[in-house]
Amino acid sequence: MHRVFFNPFTGLYYIVRRKPRHAPVTPEVEQLRAQAKESLPPRLKELADEHGFTYNRVVVKNNISNWGSCSSKGNINLNLRLVTLPQSLQDYVMLHELCHLREMNHGPRFHALLESMCPDHRALEKELKQYKIR
Ligand SMILES: [Zn+2]
């Protein structure tokens, strides 16, 4: 996702976005992209409806810098490699990005929001870290 820093002087969290790095396009990537475009957007819509979120649009991306991201314009980007992860982790990443529609940070309110819809988010985040984006 992205790196979050806490500034003790201002008491604010801020997010440093890493420049998206794109992965080379191979037949395997194209196959995953097709799979991802078919399965990720409907699932995101389902989770958004279930939890009362509205987003602008969703884009499936071939990048190696994050699993997902959310812009202040309400656009959600999802990494096409998400389809290689267990469904529980795919859902976690999508819920995480949906929560950023309301809280554009990783502060206490963000975690409380995420916790209310995904009680085991901390364990899932740990599990996700075991997967490298390649
Ligand atoms: Zn995040």
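Predicted model: local features only at pLDDT ≥ 70, side-chain atom pairs only at ≥ 80, totals over all residues.
Start with the whole chain. The secondary structure comes to four helices and five strands. Reading from the N terminus, the order of elements is β-β-α-β-β-β-α-α-α.

Next, the dimensions. Along the principal axes, the C-alpha atoms fill a box of roughly 50 × 30 × 30 Å. As for burial, 22% of the 134 residues count as buried. On contact order: take the contacts between residues at least 6 apart in sequence, and 57% of them join residues at least 24 apart.

Now the helix pair, H2 and H3. Two packed helices are described by the angle between their axes and the distance between the axes. H2 covers residues 87-99 and H3 covers residues 108-117. They pack at an angle of about 135°, with their axes 10 Å apart. Angles over 145 degrees would count as roughly antiparallel, and 65 to 115 as roughly perpendicular; H2 and H3 are therefore oblique to each other. Their crossing is right-handed.

Which residues of H2 and H3 meet? From H2 there are Leu95, His96 and Cys99. On the H3 side, the partners are Phe110, Leu113, Leu114 and Met117. By class, the residues of this contact divide into six nonpolar, one polar and no charged.

To recap the pair: H2 and H3 are oblique, with a right-handed crossing and six nonpolar residues in the contact. That is the end of the tour.

How values were computed. Residues numbered from 1 in each chain as written. Axes fitted to C-alpha atoms, helices over the stretch in contact; angles between N-to-C directions. Helix = DSSP H or I, 4+ residues; strand = E, 2+ residues; numbered from the N terminus. Parallel < 35°, antiparallel > 145°, perpendicular 65-115°, else oblique. Left-handed = near helix turned anticlockwise from the far one by under 90°. Contact = placed C-beta atoms within 7 Å. Nonpolar A, V, L, I, M, F, W, Y, C, P; charged D, E, K, R; others polar. Buried ≥ 20, exposed ≤ 12 C-beta atoms within 10 Å, placed from the backbone.
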